[in-house]
Amino acid sequence: MAPESMKVLVVDDDPEQLEMMERQLRSFGVEVRTWNTGIGVTNAVREFGPDVVLLDVNIPALSGDRLVKLLRRSQTSSRLVLFSSNDQDSLRRLAADVGADDWIQKGIDPQSLVQRLQRVCR
């Protein structure tokens with residue numbers, strides 16, 4: 001999937017992280033929406049129809065791993081990717097445990113991020 005045809009919803013409680021992710025993804029032509037809480041994510045996914053939902057693991061009240069389970073029950077066709085600064089091994093395990101499609105560690109360079117998202121969409 002070409003970046004220009006990809007739609008990504010980024011869910012994170014950190015406004016600076018959301019702004020940076022939006023800017024980086026848009027620079028590759030990705031259509032991006034951001035969401036700053038776990039509350040209402042299922043509605044946002046239903047309305048926007050993203051190819052990928054990037055879910056921060058450490059969101060207060062409704063964490064990314066809990067959101068994966070919730071979104072799976074809502075029958076979304078979006079790919080669900082955990083996104084965190086946690087170490088790779090624990091992030092990989094958590095993604096496998098909750099049935100996420102992939103995991104990406106925060107701090108990844110923008111080009112690698114887009115390439116990973118493209119692979120997830122295939």
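Author: Let us begin with a definition: a crossover is right-handed if, with the strands pointing away from the viewer, the path from the first strand over the helix to the second runs clockwise. Helices (H or I, at least four residues) and strands (E, at least two) are DSSP runs, numbered from the N terminus. By these terms, strand 3, helix 3 and strand 4 form a right-handed β-α-β unit. Another right-handed β-α-β unit is made by strand 1, helix 1 and strand 2.

Reader: What should I know about the origin of the model and its numbering?

Author: The model is predicted, so local features need pLDDT of at least 70 and side-chain atom pairs count only at pLDDT 80 or more, whereas totals for chains, interfaces and linings use all residues. Residues are numbered from 1 along each chain as its sequence is written, and side-chain values use heavy atoms, with hydrogens and water left out.

Reader: In what order do the strands of the open sheet stand?

Author: In general, strands of a sheet pair through backbone hydrogen bonds, either parallel or antiparallel. Two strands are said to pair if DSSP finds at least two bridges between them. Here, five strands form an open sheet in the order 2-1-3-4-5, with parallel pairing. Strand 2 and strand 5 (102-105) stand at the edges with a single partner strand each, so one side of each has no neighbour in the sheet. From one strand to the next, the twist averages 25 degrees.

Reader: How many bridges join strand 3 to strand 4?

Author: Five bridges join these two strands, which run parallel; L55 has L82 as its bridge partner in strand 4. Strand 1 (residues 7-11) and strand 2 (residues 31-35) also pair in the parallel sense over five bridges, and there L9 stands opposite R33 in strand 2. Strand 1 is joined to strand 3 (residues 52-56) by four bridges, again in parallel. In strand 3, V53 is the bridge partner of L9, while L55 stands opposite V11. Four bridges likewise join strand 4 to strand 5, which run parallel, and V81 has D102 as its bridge partner in strand 5.

Reader: Which strands does helix 2 touch where it packs on the sheet?

Author: Contact means heavy atoms within 4.5 Å. Axes are lines fitted to C-alpha atoms, for helices over the stretch in contact, and angles run from 0 to 180 degrees between N-to-C directions. Helix 2 (residues 41-48) touches strand 1, strand 2 and strand 3, and its direction makes about 165 degrees with that of strand 1. Helix 3 also packs on the sheet, touching strand 1, strand 3 and strand 4; its direction makes about 175 degrees with that of strand 4.

Reader: Why is strand 3 described as largely enclosed?

Author: Buried means under 20% relative accessible area, exposed over 50%, and partly exposed in between (1.4 Å probe, protein chains only). Five of the five residues of strand 3 are buried, so the rest of the structure largely encloses this strand. In a regular strand the side chains alternate between the two faces of the sheet. Both faces of strand 3 are covered: V52, L54 and D56 are buried on one side, as are V53 and L55 on the other. In strand 1, four of the five residues are buried, so that strand too is largely enclosed by the rest of the structure.

Reader: Is Q75 buried or exposed?

Author: Q75 is exposed, with a relative accessible area of 66%. Its place is the loop between helix 3 (64-73) and strand 4 (79-84). Although Q75 is not a glycine, its phi is positive, about 65 degrees. By contrast, M6, in the segment before strand 1, is buried, with a relative accessible area of 0%. Not counting residues up to four places away in sequence, M6 touches several residues, including V30, V114 and L117.

Reader: At what angle do the axes of helix 1 and helix 5 cross?

Author: Angles under 35 degrees count as roughly parallel, over 145 as roughly antiparallel, 65 to 115 as roughly perpendicular and the rest as oblique. The axes of helix 1 (residues 15-27) and helix 5 (residues 110-121) come within 10 Å and cross at roughly 75 degrees, which means that helix 1 is roughly perpendicular to helix 5. At this contact, M21, Q24 and L25 in helix 1 meet P110, L113, V114 and L117 in helix 5.
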